[in-house]
Amino acid sequence: MAQPPPPTAVIPREAWEGCSVLLDVNDGDRLAFFRLTPGATVKIGDKSCSLQPLLGRPFGSLFRVGPDGLLPCQDDGKPRDAGAAQDETRDNRSLVDNNTAQTLSSEDIEAMKREGASGDAIVEALIANSSTFGNKTVFSQEKYKLKKQKKYAPKVLLRRPSTRSICETYFKKYPARIGFMRVDTLSLLLSMANVGAYSDVLAVDMVGGLVVGAVAERLGGTGYVCSTYLGSAPSSIDIIRMYNLNSEMTSRIFQAPLSDLCSLKTSGDAPGSIQGDEPGVVPDESFQSSLEKPSDTEVSDGNAQSTTAQPIDIEAPEPATDEHLNQGDISMPDCKGSNGNSIAPKAPRAGKAPSPERMKYWGEHGFSSLIVAAPGHEVESVVADLLPLLSYSAPFAIYHQYLQPLATCMHSLQVSKMAIGLQITEPWLREYQVLPSRSHPHMQMNAFGGYILSGIRVHKPDPLGARVQEKSSGATESMLVSL
């Protein structure tokens, strides 16, 4: 009896030197990916702050901008929105917006900044010098405080780059880079493809590596994911570097051309002869050129600062600013836990060529699931080549931004009888604001999330075999009649 595999490493809950982090400034007003290197800085307003205070802090920690940089926010213990549930008897009908309610001038605010006053002190001074603040409703007062806090006392939230946070960040500013894939659509892809522990997932990822990274994160270092591509040049999967995957997870991510996978099914040759090398050698150098290419989404390090005022800072002005990431190095040195043990050693590069033994196994047993996210390719022809690579009864999920390519592919599968349970799903998502006495749907929301074609691969009946069986059954019936 085979021994169970060793347990996988636990995802660290604290930031360490060399890891990727997502900084959320002022509750989503600005999102930026950074690598925690010794010289990494972030520019908030007109102040450049070092990211060293983030080391060792748990993900989800809140920081404020102080005179000396980022400082952890102390919880005062007061319940939030305590007065929002009280009966409100005031209203704003008597308030007139004529710019005379505030007696504190801009010169006074600049003088307070030069004297070293904190942002919270400036906000309190603005409230104290406002003649109409006391007459506003509780809701209006909270909005006023929040507006001034974002301007004079910005808050920075330390977030862990996960599938959800990465997808939401890209979808907010650069949706075309991930094929306009919404986070609920990505969740449905993983669910409809039945991605789980010890799965062998075949993926066609033309959205920068978002799907491959999501699959690897869900597998947790137990199964394998093979990212296949058309032609000779591998598709870019650089987004995987932001996931902070450990060595075990990264070593289970492979890249292989579709022609090599298809030849395993047709010819049954050894994988080593397909690659054109010796049977015991795995060619890895052919994939390094694509992994060393500059990423479309650069992660800032110590040599690059965020100098733009865009809501989301994902790309740097020049690809050469992130030297370590352009070389494919996602090392996380000296990641220590509370007990001093290493929890995130240096991770290998994701997307290496699979071993001949692994290729042979996939050729004999097939993949357990298939995910296709290739908005720029013809879905019908791609799926016709990919479905024979799956094992029988294996689920598949295909994403596309438009409906017509999936409808054509669905009709082709129905005619060829290669799959059953075919259905096209349109994801729908509505976010709600949940607050005391004012819970309602968001006023602005995205109304489109693409389409997903899902189904189950079945054995395609052989027309010649069916005719032979029909003739034999007819001959048997004639013999019975004669008797």
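Is Arg160 buried, partly exposed or exposed? Arg160 counts as partly exposed, at 29% relative accessibility. Here buried means under 20% relative accessible area, exposed over 50%, and partly exposed in between (1.4 Å probe, protein chains only).

## Basis of the values

The model is predicted: local features need pLDDT of at least 70, side-chain atom pairs count only at pLDDT 80 or more, and totals for chains, interfaces and linings use all residues. Residues are numbered from 1 along each chain as its sequence is written, and side-chain values use heavy atoms, with hydrogens and water left out.

## Salt bridges

A salt bridge is a side-chain nitrogen of Lys or Arg within 4 Å of a carboxyl oxygen of Asp or Glu. The count by this rule is seven.

Arg160 pairs with Glu217, with 3.9 Å between the closest N and O atoms. Helices (H or I, at least four residues) and strands (E, at least two) are DSSP runs, numbered from the N terminus.

Lys155 and Asp120 form a salt bridge at 3.8 Å, N to O. Their separation is 35 residues, with Lys155 in strand β7 (residues 155–159) and Asp120 in helix α2 (residues 119–128). Lys155 is buried at 18% relative accessible area, while Asp120 is partly exposed at 37%.

## The Arg252 pair

Arg252 and Glu248 meet through their side chains at 2.9 Å, N to O, in a salt bridge. Arg252 is buried, at 17% relative accessibility, and Glu248 is partly exposed, at 35%.
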